[in-house]
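Please look over the model shown here.

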Amino acid sequence: MSEPIKHRSTTKMVPYPSESIVPERDLGKTPVLETRHLGIDFGGLKAVEDFNLTIGRTEIAGLIGPNGAGKTTVFNLLTKVYEPTTGTVLINGRDTKGMNIVQASHLGIARTFQNIRLFSNMTVEENVRVGLHNQVKYDMFTGILRLPRYWKQEKKQHEQALELLSLFDMQSLADEVSGSLPYGMQRRLEIVRALATNPSLLLLDEPAAGMNPHETEELMETIARIRDQFQIAILLIEHDMSLVMGVCEGICVLNFGKVIAKGTADEIQSNPLVIEAYLGKRKEANA
Amino acid sequence: MVSFLSHLFNGISLGSVYAIIALGYSMVYGIAKMLNFAHGDVIMVGAYVCFSALQYWHLPPIVGVLISIVLCTVLGMLIERLAYKPLRQSTSLAVLITAIGVSYLLQNLALLIWGANNKVFTSIVPFDALRLFGGELVISGESIATVVCGVAIMIGLNAFVRRTKMGKSMRAVSEDKNAAELMGINVNRTISMTFAIGSALAAVAGVLLCSTYPTLTPTTGSMPGIKAFTAAVFGGIGSIPGAMLGGVLLGVIEILGKAYISTELGDALVFAVLIIVLLFKPSGLLGKPVREKV
Amino acid sequence: MSMKKKTFLMTAVTFAVVIAAFIICQVLIENKLMSRALRGQLIPICCYIVMAVSLNLTVGISGELSLGHAGFMSIGAFSGIVLAAWLKARFPELSDLARLLMAIVCGGLFSGVAGVLIGVPVLRLRGDYLAIVTLAFGEIIRNILNLVYFSLEGATLHASFNQPVLPGKFVYNGPAGAQGVTKIATFEVGFALVLFTLLVVFNLVNSRSGRAIKAIRDNRIAAESVGINVTKYKMMAFVISAVLAGMAGALFGLNYSTLQASKFNVDASIQVLVFVVLGGLGSILGSVISATVLYVLPEMLREFAQYRMLIYAVILILVMVLGNNPTLRGIVNRVGESLRGKNRKGDKAA
């Protein structure tokens with residue numbers, strides 16, 4: 001573990017070659033994610049168009065925009081749920097053309113889902129262990145025959161799972177059935193499960209949905225801590241502006257499938273296009 | 001050549017029966033999003049009821065058919081209300097297992113009521129066979145009646161779904177159940193109505209099937225039911241012309257396969273078609289592909 | 001009680017129940033207290049336990065409804081019968097037990113190969129489509145078995161397809177099935193096969209592979225997003241299930257002197273499904289108990305034989321409709337919780 005990264009307000013964002021900005025500290029390294037002219041259309045409807053985004057190795061970035069702007073579609077494009085119609089997605093410098101969800105995951109991308117997708121009949125620990133699937137391995141025969149390696153790896157999985165759960169103080173819930181957890185806990189468990197895959201980029205789809213202001217604040221701290229501890233990049237979709245403005249270094253605003261603004265929190269907050277997208281034009285607002 | 005034509009006509013006729021069954025399957029699948037495994041057994045019930053009306057109560061054929069249609073309609077709605085409606089929010093696995101249960105229930109009730117012995121169904125088609133090429137090619141009256149019925153039902157159903165209010169509700173529910181409900185459509189009534197229409201068609205199919213193939217047993221409906229599902233998938237589930245096209249093609253494939261390849265492999269051939277279609281064009285010939293929501 | 005302890009306890013109880021049942025049966029047989037009719041059912045019961053547990057792996061653990069499980073059983077049965085007959089002609093010095101074991105392995109192998117061949121196309125499908133295609137494959141297997149002929153001329157095995165003319169004596173005669181089979185199946189081997197099945201399934205479920213299988217069942221997209229190869233693990237469950245069904249089939253086939261492919265129709269597949277559903281999807285002990293009870297009961301109540309399938313049908317519907325009723329589920333959960341609460345208090349007091 002290296003030293004904690006300085007708080008957002010002291011981060012300097014610098015331009016990156018492909019119309020993007022990244023934190024100055026990440027400039028010399030391959031970006032964890034780079035998209036070029038990414039686009040997809042569903043039966044003629046352009047859900048996402050000409051989407052360019054670069055995320056530095058240890059950046060926390062936010063993707064915001066009104067409902068239906070195409071944010072989740074971007075996540076689905078990055079994780080290869082959809083194959084893009086145009087453009088490219090590079091994860092850690094590797095082109096993901098033609099890859100499927102599993103291959104994208106192997107490249108180091110992990111995500112949570114807007115509508116929670118836990119393995120709801122399995123326990124909390126089992127959920128995390130499934131996340132560790134490609135980290136702590138042994139084959140089927142070792143499992144069925146219970147060879148020594150089975151016991152060794154199972155122990156390792158158990159320890160790592162508990163350590164990951166401790167991020168959110170969830171060790172005591174390890175044996176609960178995940179589907180019976182309260183909503184907020186389920187969201188946290190999804191983050192832990194995604195982290196278990198040892199990603200270099202973590203995508204969080206509305207992590208604070210359904211949380212109260214106090215919980216949101218805690219989540220904010222945890223997100224920063226995760227980045228510091230694991231030295232990874234995080235891209236999050238969120239409607240709670242206090243969280244986005246509080247933790248994100250670079251922010252990208254999407255409206256009708258197109259990027260309308262990119263920059264730091266302060267720049268975004270004062271951008272007239274962004275205000276218009278969220279509040280409508282002044283004239284209409286008065287009418 | 002003549003024998004080929006004769007097989008072809010038999011295939012089209014059998015295919016029309018499949019098509020009528022497939023229409024019911026397809027509508028239910030499109031609207032309730034469930035595979036009504038018991039649909040084939042409603043056919044069997046329809047045939048038994050008509051048989052009883054003619055054999056035991058000596059009613060005229062047309063009355064027998066009407067009674068059969070009415071009873072099957074009620075039966076279909078009853079099944080939906082008692083077995084499927086409580087499971088509307090459940091997994092498709094639960095619904096499918098229930099449907100299998102209903103299928104076995106109907107078969108075994110028929111076994112208790114009508115016994116295990118084969119019943120010989122007397123054809124209800126009043127007109128004679130058509131003789132062509134100096135009597136070399138014989139097309140039975142049943143074949144003609146079946147094909148005519150099939151086409152008429154397809155046209156009628158297509159008009160119903162496009163023109164009437166209930167038909168439009170059905171299409172709305174099949175697109176998006178929740179949105180339809182918000183628009184003030186009574187989803188429960190629409191689904192119930194779909195089962196009613198599907199079951200009425202099954203009764204017709206049962207009578208026509210047994211007029212051509214007169215042996216009637218409690219399991220008469222299960223194979224045609226499964227094959228009709230194959231036809232519905234083949235043509236594109238949810239599509240009315242698709243069900244018709246799939247049915248006819250499948251009937252022709254089955255009859256020609258039995259005639260020219262092997263009698264034993266006729267059924268296997270039909271299932272092979274199903275597997276190939278599902279693998280290479282799961283949306284069927286005339287269906288539209290669906291995208292999974294994430 | 002932690003989940004881990006609970007799984008361990010469940011496994012232990014299952015094995016204890018099976019072993020105890022075996023010992024009781026042995027004692028009853030020794031003391032001639034078991035009726036002939038029941039004694040004749042012991043081997044089929046073992047076969048159906050294995051069938052139910054293996055189908056539970058596909059339906060309950062992997063979450064894919066298979067309606068063609070009897071097809072795998074038939075492949076195992078007839079490959080086992082043919083191998084046993086050939087072994088007897090070729091290696092007369094082999095003991096019956098050795099031939100039986102080899103036949104079981106052979107049945108599992110052939111059925112496993114069929115499982116791979118069928119699984120490749122089938123497992124690309126989902127839900128209802130998968131169910132109907134497994135049914136289709138079950139029927140295709142039965143159709144094909146009606147066209148296959150095997151005969152023995154001395155120690156030479158002849159085979160043909162769609163051509164019922166072969167030299168020597170028929171071992172397997174198309175639609176007429178297998179005839180003149182030497183019955184070499186034993187209850188002890190049946191019991192061993194049940195233990196083997198339980199061991200395989202329990203160990204699989206509580207391993208990395210088993211967790212991947214369950215994860216795919218619970219949420220396919222989420223499983224993919226953490227890097228699990230869905231096809232591989234679905235295939236694993238499907239093929240292991242097929243192998244076990246084939247082994248059960250070989251044991252079953254060598255317990256009768258004649259056997260036709262028509263015995264392994266859709267009804268047979270659905271009967272096994274009823275065992276699984278009634279015992280509880282995913283519950284191994286449930287499958288063991290329900291297979292035993294539901295197999296023995298109808299034989300004991302012969303006068304009600306005609307109602308058997310009717311009762312099965314009603315049970316299937318009721319279990320599904322009531323089991324998925326939210327009010328009823330709530331009540332069951334509350335009762336369960338209050339019982340557990342009592343236990344907890346009891347623990348503290350002690």
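## A left-handed helix crossing

In this predicted model, helices α5(B) and α8(B) cross with a left-handed sense. Helix α5 of chain B covers residues 141-163, and helix α8 of chain B covers residues 187-212. The angle between them is about 165 degrees. Their axes lie 9 Å apart. Angles over 145 degrees count as roughly antiparallel, so α5(B) runs roughly antiparallel to α8(B).

Which residues make the contact? From α5(B) come E142(B), S143(B), A145(B), T146(B), C149(B) and I153(B). From α8(B) come L201(B), V204(B), L208(B), S211(B) and T212(B). By class, the contact of α5(B) with α8(B) has six nonpolar, four polar and one charged residue.

## Chain B as a whole

Chain B contains 11 helices and four strands. Its radius of gyration is 19 Å, close to the 19 Å that the globule rule gives for 294 residues. Chain B is therefore as compact as a globular protein of that length. The C-alpha trace of chain B spans about 60 × 45 × 35 Å along its principal axes.

How much of chain B is buried? Of its 294 residues, 54% count as buried.

## Where chain B touches chain C

Here 33 residues of chain B are in contact with 35 residues of chain C. Three helices of chain B each supply at least two residues to this side: α4 (92-114), α9 (222-235) and α11 (266-280). Which of them gives the most? That is α4(B), with 15 residues.

The side of chain B that touches chain C divides into 25 nonpolar, six polar and two charged residues.

## Where chain A touches chain C

Chain A also meets chain C: 30 residues of chain A are in contact with 23 residues of chain C. Four elements of chain A give two or more residues to this side. They are α2 (101-106), β8 (109-111), α3 (124-131) and α4 (140-145).

What is the class make-up of the side of chain A that touches chain C? It has 12 nonpolar, 11 polar and seven charged residues.

How values were computed:
Residues numbered from 1 in each chain as written. Chains lettered and ligands numbered in written order. Predicted model: local features only at pLDDT ≥ 70, side-chain atom pairs only at ≥ 80, totals over all residues. Contact = placed C-beta atoms within 7 Å. Nonpolar A, V, L, I, M, F, W, Y, C, P; charged D, E, K, R; others polar. Axes fitted to C-alpha atoms, helices over the stretch in contact; angles between N-to-C directions. Parallel < 35°, antiparallel > 145°, perpendicular 65-115°, else oblique. Left-handed = near helix turned anticlockwise from the far one by under 90°. Rg over C-alpha atoms; globule rule 2.2 N^0.38 Å. Buried ≥ 20, exposed ≤ 12 C-beta atoms within 10 Å, placed from the backbone.
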